[in-house]
Amino acid sequence: MQVNICFLGIGVWLVIVANVTGRGFAFGLSSPSQPLVTTVVSRKSNGRKKEYFFDRNRPFVKKEFPQIGDEVRKKEIFSSVLEHLQLLLRSTFLPTIPISYDAGQTSQLTFLMESGYLPFIFFDNLQDLTTSLRSVLATQRILEGVGVGRSGATALSATLNFLIRDGCGMVASLLFTSLAASTFRRNIKRWKFFADIMVDIGITLEIMAPSLLSTQFSAWFLPLLCLGNVCKALCGVAAGATGGALQMFWAVKLTRSEDGISEVSAKNGAQRTVMGGMGLILAGLTASWLGNIDVANSNMKMKKKGLWIGLYCGLTLLHLVCNWMSLKLVTLDWLNGWRLHRVVDDFLTSIDETPHDCRQDILCSNPTEVSKLEPIFFMPELQSTKSHLSKYPIKLGVSFNQLAKLSGAHLSTLKSIVTTKHNSYKDNYILKVGHTNTQLEKNRCILVSFLSQCSNKEKAKAYLHACLVGRALVSVPLPNGIKNNRPVVHDERQLISQAEEIGQEETEVLWPIFERSASKAGWRLDKTEFSTCGYEVFFE
């Protein structure tokens with residue numbers, strides 16, 4: 001009887017404990033239940049946190065037995081001036097990262113470092129600092145050249161020199177915009193580096209121009225000044241066009257959305273403002289230091305000239321190296337002419353080396369790998385010279401008139417092609433093999449006309465199709481032998497017809513594999529853009 005009363009007392013005690021603590025017990029063991037939430041974390045995008053504890057015994061609670069539901073901070077660190085300053089700097093110069101991006105497990109600085117953004121802005125702002133410093137030094141030289149501090153110089157002559165110089169720059173920027181505006185997105189990295197080279201050339205010409213005034217070539221002062229400003233105008237157009245695209249790249253990479261472009265652009269402006277101010281200060285100190293050197297002594301004069309040349313050459317070299325390093329950190333995930341050529345080349349190489357039953361597992365080169373190999377200088381695009389691609393030139397976006405003329409196709413054949421394309425929504429492009437001159441093998445070329453409704457993804461398919469036709473032109477047997485058990489082709493037109501047929505068959509098989517492989521590698525085929533002849537075909 002006493003034992004039963006004892007067990008009854010223990011049971012009542014367990015029920016009371018369960019009601020108070022919110023946990024159920026059965027025979028001394030905790031019953032399965034959902035995990036309890038003991039802490040609610042409120043986190044701002046700039047890294048500040050506040051925690052709301054439901055547990056009485058948290059070690060960071062100041063009171064020994066705080067009331068349940070009290071709001072406390074994990075650490076009292078944000079009250080210090082240093083931490084507030086850190087938050088201010090981060091909110092001014094660094095874009096905020098959505099909390100869902102790292103689920104609160106990684107600090108923003110760590111994420112920005114791993115994504116490449118911090119190294120990018122380091123090199124980008126360092127090159128901007130060198131440009132600001134050299135620009136101030138060049139301005140000092142220009143003012144000396146137009147007569148500041150020299151007896152006999154008039155304000156009118158200096159004003160006319162500046163007017164002519166600025167006018168040449170304005171005209172050059174308008175002409176350059178008209179000619180190259182549609183090509184900037186295709187080659188963002190190359191145009192960005194082109195802009196950096198142009199500003200280096202422009203500043204160099206502006207520094208060299210005043211040196212001619214004391215020589216027999218003094219008449220070249222104003223032309224060199226104008227040419228230097230023309231180069232800087234070209235830099236302004238190209239850098240402005242590519243700068244927006246680079247900011248969009250970082251906005252998408254850091255926030256997974258294009259909505260972050262405004263903040264990234266604003267923070268980039270703040271960074272450049274600080275770098276510009278630092279450049280002005282350093283340039284002023286440098287100019288003052290060089291100006292205080294006594295040039296009465298010939299040895300000191302030569303020393304000053306050597307310091308000028310050494311300082312300028314060092315800053316220019318640093319400028320180019322920083323630009324090179326910053327552009328190598330940009331991994332664009334869409335295909336331009338060079339990247340498409342590289343990815344298709346690697347894909348066809350893998351196809352040739354992989355058994356037929358394993359082709360579904362082929363992976364294309366990813367954007368990071370291709371970015372490390374992509375040239376920064378301008379080079380010919382889409383010229384298939386490697387063994388795995390067509391050895392014949394590929395002309396993309398040609399007019400239908402040119403395609404009909406160079407292909408030499410019969411009128412009935414052209415009408416059949418047009419009718420088929422007009423009534424079909426598949427493969428919105430027309431591909432034919434033609435000859436640039438006489439119908440000889442060395443004059444062959446592959447012509448592609450894009451229909452007006454042709455998508456960017458279909459343009460990538462057209463290039464793969466053209467490469468496969470080019471390979472087929474080489475593999476089709478010639479009269480002196482038989483290859484792959486195919487009949488020998490004696491006639492040029494028959495050979496071309498057979499190659500086009502083989503290319504079409506291989507495209508139908510390989511394009512789904514390429515599309516799937518490219519998507520897995522991280523390429524966005526729907527944003528493919530490369531240089532073409534500019535024509536689009538539509539039917540009336």
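**Note on helix packing, cysteines and a loop residue**

1. Helix α6 (residues 155–180) packs against helix α8 (residues 221–255) at an angle of about 40°, and their axes lie 8 Å apart. This is a predicted model. The two helices, α6 and α8, are therefore oblique to each other. Their crossing is right-handed.

2. Which residues make the contact of α6 with α8? From α6 come Asn-161, Ile-164, Arg-165, Asp-166, Cys-168, Gly-169, Ala-172, Ser-173, Phe-176 and Thr-177. From α8 come Phe-221, Leu-222, Leu-225, Cys-226, Asn-229, Val-230, Ala-233, Leu-234, Val-237 and Ala-238. By class, the contact of α6 with α8 holds 13 nonpolar, 5 polar and 2 charged residues.

3. Helix α8 also meets helix α7 (residues 188–208). The axes of α7 and α8 come within 7 Å and cross at roughly 155°. That angle makes α7 roughly antiparallel to α8. The crossing of α7 and α8 is left-handed. Their contact divides into 18 nonpolar, 4 polar and 3 charged residues.

4. Now the cysteines. How many disulfides does the model have? The count comes to 0, with the cut-off set at 2.5 Å between cysteine sulfur atoms. Cys-226 of α8 and Cys-168 of α6 both belong to the helix contact. Cys-226 counts as buried, at 8% relative accessibility.

5. Is Cys-231 buried or exposed? Cys-231 counts as buried, with 8% relative accessibility. Its closest cysteine sulfur is in Cys-235, at 9.6 Å. That is too far for a bond.

6. Where is Thr-436 found? Thr-436 sits in the loop between β7 (429–435) and β8 (444–451). At 46% relative accessibility, Thr-436 counts as partly exposed. Leaving aside residues up to four places away in sequence, Thr-436 touches Lys-395, Leu-406, Asn-443 and Cys-445. Thr-436 and Ile-446 are 10 residues apart in sequence, and their C-alpha atoms are 9.8 Å apart in space.

7. To recap the helices: α8 is oblique to α6, whereas α7 is roughly antiparallel to α8. The α6 crossing with α8 is right-handed, and the α7 crossing with α8 is left-handed.

Key: Residues numbered from 1 in each chain as written. Predicted model: local features only at pLDDT ≥ 70, side-chain atom pairs only at ≥ 80, totals over all residues. Heavy atoms only, no water. Buried < 20%, exposed > 50% of the residue type's maximum accessible area, 1.4 Å probe, protein only. Axes fitted to C-alpha atoms, helices over the stretch in contact; angles between N-to-C directions. Helix = DSSP H or I, 4+ residues; strand = E, 2+ residues; numbered from the N terminus. Parallel < 35°, antiparallel > 145°, perpendicular 65-115°, else oblique. Left-handed = near helix turned anticlockwise from the far one by under 90°. Contact = heavy atoms within 4.5 Å. Nonpolar A, V, L, I, M, F, W, Y, C, P; charged D, E, K, R; others polar.
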